[in-house]
Structures are given as structure tokens and as C-alpha cells.
Amino acid sequence: MNGQPTVPARTDARVHDLLDEATAERPDAWAVSDGTGRWTYRELAAHSHAVDAWLRAAGVGHGDRVLVQLPSTRELVALLYGTARRGAVLVPVNTGMKDYHLRAVVENAEPALIVVTDPAVERIGALAGEVPVRGLGPAWEEITALGGREVRPPEAQVDADDIAVLVYTSGSTAAPKAVICPHGRMVFATEAIGLELGYRPDDVVFCRFPISWDYGLYKVLLTAAGRSELVLADGESDLVLLRRIRETGATIVPIVPSLATMICALAAREPARESRVRLFTNTGAALPKSTADALRAAFPGAEVVVQFGQTECKRVSVLPPAFQDAKPHSVGRPLPGTRAFAVDDEGRPLPPWQTGEIVVEGPHVMPGYWRAPEQTARAFRPAPGGGLRLHTGDFGHVDEDGFLYYEGRRDDMFKHKGVRMSTTEIEAAATDVPGVRAAAVLPPAEDRPLAVFAEGDIDPHTLLKELSLRLEPAKVPAVSRVVDELPLTPHGKHDRKALARLLEGATA
Amino acid sequence: MWDDRFEQILRPFLPFLPPQEELTPESDLKDLGLDSLGTVQLLGTLEEDYQVRFRDSALTMDTFRTAGVLWDTLRGMLQSTAG
């Protein structure tokens, strides 16, 4: 515990309780806006009831999965809350996810219903087998018709332990896997983060990330918990990012380093101006100091908050601005009401400054991966004091005050452009490309881009293009090399040091 | 078509385009690997190199859709600066 005097986050609330409480308290405050309009909390709540009624009419019941591949608009927020009300499980997948992965996700999630954009209905229908696939256009017409008649089904029995969302994320295997996110744990994580970040009713949160990513997903919940307004800006051109941040009166801007770089590049085109932004919250990877400084210069008065986490517990730690000078290299302290520390190979807690695997305990630790008992058993182990202990696969240490320091990964996972991925999944996609016999991927480093190496009869640029058809944009390497033979270690693994040298030799 | 400098600036932002392959006005830049961050950086590079400023109305993904459209937009600005 980090010892902060706080009203503790709840463990027994449901996702839609956050919306209903915000609506009861501030019915006419703005809840959410997108490129085409905005809704108050009252309106959003009404739409979510209509979604509940629509799902019920479609035969969707408790525990059924509703898979959506949709842009992040107000309608998707209503679908999130409406699905939660129904006691069903929302499975939001990235609009960038290609059929190559989508097929695996549909197979794994076994949805009862799929909702996609109208032009995608046929394509998704072809890979979904018997599962009904609906276009959002006609579906939304039916939903608004139900809403207009104020049709409200009897309230479904939904408990805090019921699953609200499955978040598909990259695993250390080739296929995507889903983190099971029950209502109670999502609300706990939301409220615990809220205690550290302090979202307020006068905040406008500018969300450039898709709701299919937990970073975007939790912005929906955090704004409701804070009674704040959410601006969904994922579909917009990044060229107007800066203008939109100013026009919308944004006060909080969640970032990853690559987004921050873009904002800074745009800000460099024009003189600094007054801004309402008070907080940039970073995650995904360490934010270079030069970028953080450039943000503060372009947005006078704004603070940059460092955060650290993974979907398996949503967030591990937050470094409040007050501690940044004292602990500039820390990724923060554990969320209030949770624990995070380094352990040795036997799972024994290590003293301060000793490096080990970072483990996490608390009510935010999710119960595991969907239909993946082996992977679940590896990452989610029984904690000595009861409950679950999440083995993050991240290495680091704590200091004497319990603040965390991240040092690296022990497997083939890494983050690029804020997105978690593994060399395995990119290598699997590369070997799926005709002409490629074998492939190895080198994660990006300080002065080295994400790179793919292939053995086979293929042009390196064509390989990148083929990868872009199989992987979402962030996972497509920047550099591609075709070699006669991939260097291997004596143990038969890809020799990443030799690969790195290959890259240096080639670019020099 | 366009001047050499334009193509020299543009090519590094297009990782899927083999060096020996021709860049045509119809080439879709996104298909050739121009991503969001690349677009923003390309904007800054073009502005600095050609000493122009893209108007807000030109800051759309359409402007950066193909090499031809981007060059036309840029040429329009160059002409209005010159005239």
C-alpha cells in the first residue's frame, strides 16, 4: 500500500454504475463528444438503455460475447455501457486488426453477435461463420427507435464478478489473447487511477486512442467516475491534433511517446499560446525528457504524469507530478489499495534496489486470460496472502519508499508506438508471406528502429507491404532486410546481437 | 512533374517503396508506408525546406493521400508566395 489517506476504490460496483452515478449527479453535463456531435450524461444513459433493449431483442443474454470492430464514436460508448447493463461481454477489436488475426479472435471469443461498420458486414460475415453480423448504421436506427419509445427491459442481474469486457492484446504467442475484465475489477482500477490523477467535473479529456485499446477504454470509465467530458478524437487527422486539443478546451491529454512527438512537431510550427491543458498522462513507454520538456513549453502550466502498467491489471503505478523531481527515473508508486514489488525466482520479495520480476497484487489484478489456462497459470499465480499475484514479465526494482523502477522485459514482448507486441507474432506474420522461408524480428532500441529479417525469395519492401496487410500499423517494422541465412545462437535461437550488427553494417 | 528535391524529401517516409521503383503521382502514400507520425514529420520537413506554411484547410489526410495531390498543394503555395 502506498499509505495515501483516501476514500478507497470500490470492488463491488459494476461498469454501468459509473455511468448511472454520473447521470444522477450531473445529468446535463457533457459526457462524450466525437467528430459529429456530443451527448450529455442523461443522453448517454438513455442510449445505453436502448442498447440493452436492442441486445435483449437480438437474443443476447448474460455472459454472451458481443464483438465490435468499430471506430471510437459515441455509439461505441453507448454499446459499451449497454452491453454491461445486459450482463453481456463486450469484445472491442481494433479497427486496424486484419482478417488474419480477426479470424483467430472470432474463433476464440465465440461471439453471439458481431457489430461492424456497414461496408465491412460482408467481409466479416464471410469469416464469422454462423454468427450474425450487423452493420452499425441499421443497428443504430433500431436502437434509436427503441430509445425513442423509451423501451427499457427489466434490469438484468449483473454482479461485480461478471465479465464486462474481453480485451485482446498481444501475447508472447503468435495468436492474440484476451484479458478477462470483470466489472468489479475494472471499476476498482478506474477509481484507483482516478484517486491518483484526480479527474474533475471541469475536465475535458482528449482521447486520441481507440476504445478497443484498454488505454482508450478506461478513459470512458475514468471520465464517468470524474464526471468529466470525454472527447473521442481517434478518427481524426493527426495533422489537426493541436488545433483540436485547443478547440475542444481539453484539460487532460493522455499520450504515448509517439503521440507526444507528433504534438510537439505540430507545436513547433507555431508560437506557444495559452492553453487549458493541465495534464499530459503518459504510458506505453518511457517519455524522453526532451519530449516532456517540449510539451511543457508548448502548453505552459501543463504537467506530465508518468504511468506504468499492463492490461492484466490495467495499471501498475502512477508517478504524481509532486514526486517527479525527487524520483525522476521512477515509473511511480502502486495504485492506492494495491501492491507492486520485485521478487526473486522463488517469488520472495526482494529488498529495495535489487532487480527481479515485478509482481502485482490487489483488486485490480484480472482473473486471467480467456480460454487460455496455461498462459493464465503462468502469469496469474496464487498470492501467499490470498488472491492473485500477477507476474508481469517486467523486470525492475523498488526504492525504499516503494516507488517502482522499470528495467526491461524477460521475454520477447516489447512496446512500440505505445502498443504491446511480441517478436513472435510479427515473425509468424512474416513467415505467412509467400516466399519467406524464415523470419526474425529485432525489437526497436534507442537508435534502432523495429526491424524484420527474412530468409527467402522476396523483395524487402514487398515484405513490409505484405506485413502491413497482416498486422495493425504499429506492428509493421520500419526496416526490412532479406538475408541468405538468419544468424542463430549456439542454442538455435535467433541471434539478436548478430542481427543488430547486420543492421548497423547495412545502415552505415 | 515535381522537382527532385520533393522526391528526395518524400522517399524516406515511404518504407514500402523499393528504391528502384518509380514514384508516380497516383502512388498512394499510405500504402507505401506513410504513417501518422511520418505525415506530421513530412509536413514539418516540407514547410522548412520550401519555406512555406500549409494552411489549416490543407491539413487533411486528403492532402497527403497521393504524391500528386501533395505536390499540387505544395506547388500552389509556392506560386502564391512567388506571385
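Author: In sequence order, chain B has the pattern α-α-α, where helices (H or I, at least four residues) and strands (E, at least two) are DSSP runs numbered from the N terminus. The model is predicted: local features need pLDDT of at least 70, side-chain atom pairs count only at pLDDT 80 or more, and totals for chains, interfaces and linings use all residues. Residues are numbered from 1 along each chain as its sequence is written, while chains are lettered from A and ligands numbered from 1 in the order in which they are written.

Reader: Why is chain B called as compact as a globular protein of its length?

Author: The radius of gyration is taken over C-alpha atoms, and the globule rule is 2.2 Å times the number of residues to the power 0.38. For the 83 residues of chain B the rule gives 12 Å, and the radius of gyration is 12 Å, so the description applies. The chain has 3 helices and 0 strands, and its C-alpha atoms fill a box of roughly 35 × 25 × 20 Å along the principal axes.

Reader: What makes the length of helix H2 of chain B agree with expectation?

Author: The expected span of a helix is 1.5 Å times one less than its number of residues. Helix H2(B), residues 36–50, has 15 residues and should therefore span 21 Å; its end C-alpha atoms are 21 Å apart, which agrees. After H2(B) comes Gln51(B), with a positive phi near 55°.

Reader: Which residues of H2(B) are buried, and what is the criterion?

Author: A residue is buried if 20 or more other C-beta atoms lie within 10 Å of its own, exposed if 12 or fewer, and partly exposed in between, with C-beta atoms placed from the backbone. In H2(B) the buried residues are Ser36(B), Gly38(B), Thr39(B), Val40(B), Leu42(B), Leu43(B) and Leu46(B). Over chain B, buried residues make up 27% of the 83 residues.

Reader: What does the globule rule give for chain A?

Author: Chain A comprises 15 helices and 25 strands. For its 508 residues the globule rule gives 23 Å and the radius of gyration is 23 Å, so chain A is as compact as a globular protein of that length. Its C-alpha trace spans about 70 × 55 × 55 Å along the principal axes, and 52% of the 508 residues count as buried.

Reader: Why does Val179(A) count as buried?

Author: Val179(A) has 25 C-beta neighbours inside 10 Å and therefore counts as buried. The residue is in strand E8 (residues 177–182) of chain A. Beyond its neighbours within four places in sequence, Val179(A) is in contact (C-beta atoms, placed from the backbone, within 7 Å) with Val167(A), Thr169(A), Thr311(A), Glu312(A), Met366(A) and Tyr369(A).

Reader: Are Lys314(A) and Trp353(A) buried or exposed?

Author: Lys314(A) has 26 C-beta neighbours inside 10 Å and so counts as buried. Trp353(A) has 11 such neighbours inside 10 Å and so counts as exposed. Lys314(A) lies in the loop between strands E13 (303–308) and E14 (317–319) of chain A, and Trp353(A) in the loop between strands E16 (339–343) and E17 (356–361) of chain A.

Reader: What is the phi of Lys314(A), and what is that of Trp353(A)?

Author: Lys314(A) has a phi near 65°, positive in a residue other than glycine. For Trp353(A), also a residue other than glycine, phi is positive and near 75°. Most residues other than glycine have a negative phi.

Reader: How do you know that strands E21 and E22 of chain A pair?

Author: Two strands pair if DSSP finds at least two bridges between them. E21(A) and E22(A) (residues 419–422) have 4 bridges, in the antiparallel sense. Phe414(A) has Met421(A) in E22(A) as its bridge partner. The two strands form a hairpin with 2 residues between them, and Lys417(A) in the turn has a positive phi of about 50°.

Reader: Which way do the residues of E21(A) point?

Author: From E21(A) (residues 413–416), Met413(A) and Lys415(A) point one way and Phe414(A) and His416(A) the other way, and all are buried. In a regular strand the side chains alternate between the two faces of the sheet.

How values were computed: Two residues are in contact if their C-beta atoms, placed from the backbone, lie within 7 Å.
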